[in-house]
Amino acid sequence: MNFAQLLFPDFSLILCGYLICRFTALNRPVWQQVENLVYFFLFPVLLFHSIVKSPLDLHAASSLIGAGLSLGLCAIALSYSLPYWPILGPRLNRRDHAASAQVGFRFNSFIALALADRLAGPEGLLMISVLIGVCVPLFNIGAVWPMARHAKTGFLRELVRNPLIIATGSGLIGNLLGFRIPVWLDPSVSRIGAASLALGLMAAGAGMQLSTLRHGKLLGLSVLMVKHLLLPLIALGMSRLFQLSPVQTTALLAFSALPTASSCYVLAARMGYNGPYVAGLVTLSTLSGMWSLPFALGVLR
C-alpha cells in the first residue's frame, strides 16, 4: 500500500489551510470561528453518527478497548515522567512541561476519522470511533488535571462540558440501546460529517505556528519522541498482547501515530500557560505525522 498517496489528501488539506490563513484575507480570526463550528457542532455529529450507525459487539471490541486504554495510560505516564528521567529531567522547565505534556498523548480526531475510512472502510471507522470514545475522557482528564493542580483551578466543569465526551458517550449508549439514525435523515448527517473532516483538517493547517519554538527545544523533542516514536512501538506490543484482529491492529497503530490535538493550544492558553509554545509543538506534531503514520502503518504493521 502506498501510504504517501493514502495520506496525501489529508495533508494537502492541512497545507491548503495554512496557505489560505497566511496569504489571503481569510486570516486567523476567521479560522478560529471555523474551529468553534467544527469542535462544537460538526465533529460531535460525525462522532455520534460513526458510533451509532453500525451495531457494536462489546465482546468483540473488548480487546481493542483494553489495548486502547492500556496504550493511553502508557502515553500519559511516559509524557508526565519526563521531568524524572536522568540527565533530561533537571533541564526541563516544569511549568512548560505541565502545559505541553498533553501533546505527547492527545490526538487529532479530524485526521483519525479521515484516515480510518480509507484504511479499512466502515469497519475501520467504527474501530477508530470506539478508540476515540474510550480515550477522549481519559486523555482529557490526563491533560486537564495536572494543569488544574498547578493553576489551582477545578477540572470537572471542563470535562462535563466537552462536546467530544458528550458525543462519544451518547453515541455508545445509543448504540447499545439499538438507536439508529432514521433513513431520511442519514444523508444530511453524513454530509455534516464530511464537512467536519475537510474543515477540521484545514483548520489544523491554519493553526500551525513554528516561530514560538525558539526556547524549550529539548522539552519539545522529548514530548514529540514519546508521541511519534514510542507510542507506535507500544501499540504494536499491545496488539500482540491483546491478540487483535488485522483491522483492529491497523486501527490501533494508526491511532498511536496520529498528530496531537490542535485544541492543546486552546486548553493551555485558557488555563494561563504558555499557549504559543504549545501551538508550536502542535505544528511540529502535525508535520511529524507525515513520517510517523507511514512508520506505524507501513513498517510496524
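Accessible areas here come from the Shrake-Rupley method with a 1.4 Å probe, and for residues only the protein chains shown count as cover. On that basis the chain has an accessible surface of about 13,300 Å², and 67% of it belongs to carbon and sulfur atoms. The model is predicted: local features need pLDDT of at least 70, side-chain atom pairs count only at pLDDT 80 or more, and totals for chains, interfaces and linings use all residues. Residues are numbered from 1 along each chain as its sequence is written, and side-chain values use heavy atoms, with hydrogens and water left out.

**Stop 1: the whole chain**

Show the cartoon. The chain has twelve helices and zero strands. Helices (H or I, at least four residues) and strands (E, at least two) are DSSP runs, numbered from the N terminus. Now colour by burial. Buried means under 20% relative accessible area, exposed over 50%, and partly exposed in between (1.4 Å probe, protein chains only). Of the 301 residues in the chain, 53% are buried. Next, contacts, meaning heavy atoms within 4.5 Å. Among contacts with a separation of 6 or more, 84% join residues 24 or more positions apart.

**Stop 2: the nonpolar cores**

A nonpolar core is a set of buried Ala, Val, Leu, Ile, Met, Phe, Trp, Tyr and Cys residues joined through side-chain atoms within 4.5 Å. Select Phe43, Phe107, Leu113, Ile128, Ile132, Leu252 and Phe255. These have the most contacts inside the largest core, which has 68 residues. Which helix gives the most to this core? Helix H5 (residues 109-151) does, with 21 residues.

Centre on Ile132. Setting aside neighbours within four places in sequence, Ile132 is in contact with Leu47, Phe107, Ser109, Ala112, Leu113, Pro137 and Thr168.

**Stop 3: the aromatic pairs**

Show the rings. Rings of Phe, Tyr and Trp (its six-membered ring) pair if their centres lie within 6.5 Å; planes under 30 degrees apart count as stacked, over 60 as edge-to-face and the rest as tilted. The count comes to six aromatic pairs.

Select Phe107 and Phe139. Their ring centres are 5.9 Å apart and their planes meet at 70°, so the pair is edge-to-face. Phe107 lies in the loop between helix H4 (94-100) and H5, and Phe139 in helix H5, so the pair ties together parts 32 residues apart in sequence. Both Phe107 and Phe139 are buried.

Move to Trp291 and Phe295. This pair is tilted, at 6.4 Å centre to centre with 55° between the planes. Trp291 and Phe295 are four residues apart in helix H12, so about one helical turn separates them. Trp291 is partly exposed, at 44% relative accessibility.

**Stop 4: helix H12**

Stay on this helix and select Thr286. Thr286 lies in helix H12 (residues 275-300). Is Thr286 buried or exposed? Thr286 is buried, with a relative accessible area of 3%. Leaving out neighbours within four places in sequence, Thr286 has contacts with Phe11, Ile14, Met208 and Pro259.

**Stop 5: the loop between H3 and H4**

Select Tyr84, found in the loop between H3 and H4. Tyr84 is exposed, at 65% relative accessibility. Beyond residues up to four places away in sequence, Tyr84 touches Gly89 and Arg94. Arg94 lies over the face of Tyr84, 5.4 Å from the ring centre. A charge sits over a ring if NZ of Lys or CZ of Arg is within 6 Å of the ring centre and within 35 degrees of the ring normal.

Ile87 is found in the loop between helix H3 (58-81) and H4. Check its backbone: phi of Ile87 is near 70°, a positive value in a residue other than glycine. Ile87 is exposed, at 70% relative accessibility.

**Stop 6: Gln243**

Go to the loop between helix H9 (217-241) and helix H10 (246-256), where Gln243 lies. Phi of Gln243 is near 50°, again positive in a residue other than glycine. Gln243 counts as exposed, with 70% relative accessibility.

**Stop 7: the salt bridge**

A salt bridge is a side-chain nitrogen of Lys or Arg within 4 Å of a carboxyl oxygen of Asp or Glu. A search of the whole structure finds one. Select Arg28 and Glu35: the closest N and O atoms of this salt bridge are 2.9 Å apart. Glu35 is partly exposed, at 21% relative accessibility. Arg28 is partly exposed too, at 23%.
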